[in-house]
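This report describes selected packing features of one protein model.

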Amino acid sequence: MAYVGDVPVEASYHGSVLLYRLLSDYPADKLTIIETATESQAQRRLPNVNYVKHHIANQRWLDTRFHPYVAAWFTRRAPRLAPQISASLNDFECEGVLTVAHGFGWLAAAKIAKRRNVPLHLMVHDDWPRVADVAPRFRNWLDQQFAQVYRQAQSRLCVSPAMSRSYEERYGEPASVIYPSRAANCPDYDEPPAHLATHDKPFTIAFAGTINSDGYIDALIAVQNALKPINGRLLIFGPLTCEVAAQLGLDDPNTEICGLLTAADLLNRLRTETHALFVPMSFADSDRANMEMAFPSKLADYTATGVSLLIYGPNYCSAVAWARENPGVAKVVEAERDLAAAIERLATNPDHRIALGKRALDIGREYFSHARVQQRFHQSLSV
């Protein structure tokens, strides 16, 4: 199989780590990875797998005020580069093409699959036709391009039930749901961490992930402010730097910017240092469609820790829907005015924290275990 796409395949964060984990059990000699945008870091790559770089877009052009028009131009250009990208497979016998609907590489991947007469396997993490930053006049055209590729795909893998339902209604073809996966070596704990039952250190909430919209910034500032009355701490793990955090207003004395860690180190710190894990979803009207359909991948690792979950988002978002389907898995807050009270309850009620942590362990094992997600992935490839 050949992977062709803009999302790099590496053990880092967000979509990259999801791909890394999905492909970690695939035979290395039967896999070639062609990255068409950001190049993965060598030390984070799948071992013994052939990686090829073939950029589609010029990032300098995208980093201008003309981005919405440049992005549309590169979207149109991507399929025309398919022969060159396909040639970089050399003598590799490609029996299928896997891609992620993000950026531009998915269009080239679809063309390669069609030219080689092999199955296309399409993964969708975000509602790309609506979240892509293209000029409004190109929005319908982009959706038409996506519809063609979606219908061409032999297997379609969506990250949430809401996305699967919406796409079947919109494009007339069903899609399977594939939740994010834990790492193959992820610890499987029987109980929440013992410190959840104690009050011997400041109440600590952690957020792990990327901050990619104003809605997420607002959510983190809201939790930072809600922690002040109880002198609580906020830990932020991910690519965010101290300098950028200060520009965003995330520089309270009790907020710590912890950087990007390996999955194992992150799980260890979340389990040993925190009382609750923050799952923010944007309340912004402009983000609504994506909040309904995208699914927070951080839940895969969060639930493995046995630490209580705090989901903060509008009642229509996927994370809240998941929590409703699994009662007791998280403390859910659907309005900023209720956030401080929810945090105070978590801070003062150890039994509540422990009950949430136990439920998260059980539900997380059911949804996100490596073996379960791998089984679903390989079933989709064999359809």
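## Helices α9 and α15

Helices α9 and α15 are oblique to each other, because an angle under 35 degrees counts as roughly parallel, over 145 as roughly antiparallel, 65 to 115 as roughly perpendicular and the rest as oblique. The angle between α9 (residues 214–227) and α15 (residues 339–348) is about 55 degrees, and their axes are 9 Å apart. Axes are lines fitted to C-alpha atoms, for helices over the stretch in contact, with angles between N-to-C directions running from 0 to 180 degrees. Helices (H or I, at least four residues) and strands (E, at least two) are DSSP runs numbered from the N terminus.

The crossing of α9 and α15 is right-handed, that is, the near helix is turned clockwise from the far one by less than a right angle (anticlockwise for left-handed). In contact (heavy atoms within 4.5 Å) are Ala 222, Val 223, Ala 226 and Leu 227 of α9 with Leu 339, Ala 340 and Ile 343 of α15. This contact comprises seven nonpolar, no polar and no charged residues. Here Ala, Val, Leu, Ile, Met, Phe, Trp, Tyr, Cys and Pro count as nonpolar, Asp, Glu, Lys and Arg as charged, and the others, Gly among them, as polar.

## Basis of the model

The model is predicted: local features need pLDDT of at least 70 and side-chain atom pairs pLDDT 80 or more, whereas totals for chains, interfaces and linings use all residues. Residues are numbered from 1 along each chain as its sequence is written, and side-chain values use heavy atoms, without hydrogens and water.

## Helices α16 and α17

The axes of α16 (residues 350–368) and α17 (residues 370–381) come within 6 Å and cross at roughly 25 degrees. Helix α16 is therefore roughly parallel to α17. Glu 366, Tyr 367 and Phe 368 of α16 make the contact with His 370, Arg 372 and Val 373 of α17; by class, three of these residues are nonpolar, one is polar and two are charged.

## The sheet

Seven strands form an open sheet with parallel pairing, in the order β3-β2-β1-β4-β5-β6-β7. Strands β3 (50–53) and β7 (176–177) stand at the edges with a single partner each, so one side of each has no neighbour in the sheet. Two strands pair if DSSP finds at least two bridges between them; four bridges join β5 (residues 120–124) to β6 (residues 155–158).

## Residue Ala 72

Ala 72 lies in helix α3 (residues 67–77). Beyond its neighbours within four places in sequence, Ala 72 contacts Val 134, Phe 138 and Trp 141.
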